[in-house]
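The sequence and structure come first.

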Amino acid sequence: MKSLKNQLGKMMDANKMNQTYQDIMKNQVFKDPDVKKFIADNKDALDKTAIERSASKLYEFVSEKKKTEKSDEGLAPGYVPKLILNNHRIDVTYEPTPELVNKREEEKIKSRIQSVFLPKDLKNASFESFEVTKKRQVALEKAMTFIESYINNPKGFHKGLYLHGAFGVGKTYLLGAIAHELSEQGYSSTIVHFPTFAVEMKNSIGKNTTEDKLDSFKRAKLLMIDDIGADSMSSWIRDDVLGIILQYRMQEELPTFFTSNFNMNQLEKEHLTTSQRGENEPLKAKRIMERIRFLAEEVEISGENRRHK
């Protein structure tokens, strides 16, 4: 008998505690302004019973909302709770925060830029961060004109830019800014550091991957060849790699950009004409330059070396 009384007492205490918890929960939940507004907005679809049966969902909403406001990790990090109607009952769904939406969009933008043998942060380059000076103004204007023309007619032929100038004046950064701007509009591009690419192509011979690598670059929707002329070039790289890439892109009228420390005339006379073996091959150099001139407009960028800042 005594045991039964004890058991009943415990059950009554538990019920009292449970009731107290529910009262606190309801008091906390139904004072929340978002809950009050939701119930008021949906008063025709919700009766008292439906609201009471949805108390746990309302509590989940309020609890998760507070965690979000405090930047605490909730049930769904990066998402905020939202009340919805579900078969005449209140339910909770989760929507991505503006920060998560922006992060995903930026990741999508960066995924359209293939940066090969170049720093990853080049994908963050933007026109907003490109410091404009009188000596860089023309290049920036040409870049923006290209982007406008390309977006208006992506299937047409648009000459790229051959950006030349001294070290550290912003040639490669401007390529990155162009690629980023186009990516925001949904267009992909490939930026490749040519001296490193040349070494990689030589190494690919033994791996039987030369054709695949060559094919991926020559067919890129928009190709940016960075630092052409930085290292001496073998006849094979000049004629059977660069020559094939440029020939294909010229025939298909695919937009192509270049950066170099040489202007076009210097690239031809001082770099492409003489091979690594010291052979003088002006006709082959001229053939390469004809393709470059067809594909890109020569633009000089000058100014101080920004890498020293």
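In which loop is H88 found? H88 sits in the loop between strand 1 (79–86) and strand 2 (89–96).

## Basis

This is a predicted model, in which local features need pLDDT of at least 70 and side-chain atom pairs count only at pLDDT 80 or more, while totals for chains, interfaces and linings use all residues. Residues are numbered from 1 along each chain as its sequence is written, and side-chain values use heavy atoms, with hydrogens and water left out. Helices (H or I, at least four residues) and strands (E, at least two) are DSSP runs, numbered from the N terminus.

## Positive phi

H88 has a phi near 65 degrees, a positive value in a residue other than glycine. Most residues other than glycine have a negative phi. H88 counts as exposed at 57% relative accessibility (exposed is over 50%, buried under 20%, partly exposed in between; 1.4 Å probe, protein chains only).

D227, in the loop between strand 6 (223–226) and helix 10, also has a positive phi, near 65 degrees.

## H158

H158 lies in the loop between helix 6 (134–152) and strand 4 (160–164). H158 is buried, with a relative accessible area of 12%. Its side chain reaches the backbone oxygen of N153 at 2.6 Å. Leaving aside neighbours within four places in sequence, H158 is in contact (heavy atoms within 4.5 Å) with F146, S149, Y150, N153 and P255.

## Helices 8 and 10

The axes (lines fitted to C-alpha atoms over the stretch in contact, with angles from 0 to 180 degrees between N-to-C directions) of helix 8 (residues 194–207) and helix 10 (residues 235–252) come within 11 Å and cross at roughly 105 degrees. That makes helix 8 roughly perpendicular to helix 10 (65 to 115 degrees).

Terms used:
Parallel < 35°, antiparallel > 145°, perpendicular 65-115°, else oblique. Polar contact = N/O pair within 3.5 Å; in protein donor to acceptor, adjacent residues only side chain to side chain.
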